[in-house]
Amino acid sequence: MTEQLIKRIEKLKTERHAVILAHNYQPGEIQDLADFTGDSLGLSIQASRTDADVIVFCGVRFMAETAAILSPDKTVLLPEKTAGCPMADMINAEQLRQLKRENPDALVVCYVNSSAEVKAESDYCCTSANAVEVVNSLPEDKRIIFVPDRHLGQFVAERSGRGLILWPGYCTTHVLITVDDIKAARAKYPDAIVMAHPECTEPVKELADELLSTGQMLKFAAKSTAKRFIIATEKGIIHTLKKQNPEAEFYPASERAICPNMKKITIDKVIASLENMQYKITVDETIRVKAKKALDRMVEILPVK
Ligand code: SF4
């Protein structure tokens, strides 16, 4: 990025009293210009703690919505209005209501990768980092509906020993990582540690050394004495991993593991977002209050530092 562009963004940020947040899966140049990088919930909490009036959320829609749920007094902007999450779109509020009618005694845990309407229909929210703890904290005699990601749900069911009612949603990017990819990467880098995200398919997860959320991957790499890592998640995180651990080597398990929606954000769109205050993400107040309860309950179980 040129000096001129950096100055322009800084000027706009000051004028708008804005901060820029970027998800770990964003293009490297977007992560580099952000004030904060992280996972979706971490960023939303960061957003709620800043005194900025405007939050430019470089990520996908459900992330900006989560920031709007937690920070109703701030203006949340998504620089590209079509940046959505196919997994979040795999279940809507009516489908979840139907599932609840079929299982009237069950509690609902929804992955943060879901719409505000789905969160509003849920009892608890969770992230890939805390899903097991959230489920473990629920009464043992309660059945649990877990939406929308069946692969994260399967991981939680295995780790918690609970039989979950799963929704057949999945991440269209993580399922592109195959068993053959992991085997080929292992053959090439036999000394490397394989870190896989729980959104990967079960056969891929079985081949991994560590199953970790993106935030946990960053912590693991920082503490590990290993020098090589194979990363089975969206490729964007390798930018941050390399930046934070310049002495280590990181290889994507698959070159195909790219989320096209995450890559829709460009520097020009961030500038246009600040200039034109676009695209404002708002959540209907009734939905917001209900969705916030699911998020608050999660934080009550597992306070976010
Ligand atoms: S990587 Fe998967 S879960 Fe994340 S935004 Fe893209 S499609 Fe959704």
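Me: Where is His-17 found?
Reply: Keep in mind that this is a predicted model. Helix H1 covers 3-16 and strand E1 covers 18-23. His-17 falls between the two, in the loop between helix H1 and strand E1.

Me: What is phi of His-17 near?
Reply: Most residues other than glycine have a negative phi. His-17 isn't a glycine, yet its phi is positive. The value is near 55°.

Me: Which residue does a cis peptide bond join to Val-147, and where is that residue found?
Reply: Most peptide bonds are trans. The one here is cis, with omega about -10°.

Me: At roughly what angle do the axes of helix H3 and helix H4 cross?
Reply: Two packed helices are described by the angle between their axes and the distance between the axes. For H3 (residues 40-49) and H4 (residues 61-70), the axes come within 9 Å. H3 passes H4 in a right-handed crossing. The angle is roughly 35°.

Me: How many charged residues has the contact of H3 with H4?
Reply: H3 brings Ser-40, Leu-41, Ser-44, Ile-45, Ala-47 and Ser-48, while H4 brings Phe-62, Met-63, Thr-66, Ala-67 and Leu-70. By class, 7 of these are nonpolar and 4 are polar. As for charged residues, there are none: the contact has no charged residues.

Me: Which cavity is the space taken by the ligand?
Reply: Around the ligand you'll find Tyr-25, Val-60, Cys-85, Pro-86, Asn-113, Cys-171, Thr-172, Glu-199 and Cys-259. By class, that shell has 6 nonpolar, 2 polar and 1 charged residues. The space the ligand takes is the largest cavity.

Conventions. Residues numbered from 1 in each chain as written. Predicted model: local features only at pLDDT ≥ 70, side-chain atom pairs only at ≥ 80, totals over all residues. Heavy atoms only, no water. Near = heavy atom within 4 Å. 1 Å grid on protein atoms, 1.4 Å probe; cavity = no way out; pocket = protein on both sides within 12 Å on 5 of 7 lines; lining within 4 Å. Sits in = over half its atoms within 2 Å of the grid points. Nonpolar A, V, L, I, M, F, W, Y, C, P; charged D, E, K, R; others polar. Axes fitted to C-alpha atoms, helices over the stretch in contact; angles between N-to-C directions. Helix = DSSP H or I, 4+ residues; strand = E, 2+ residues; numbered from the N terminus. Left-handed = near helix turned anticlockwise from the far one by under 90°. Contact = heavy atoms within 4.5 Å.
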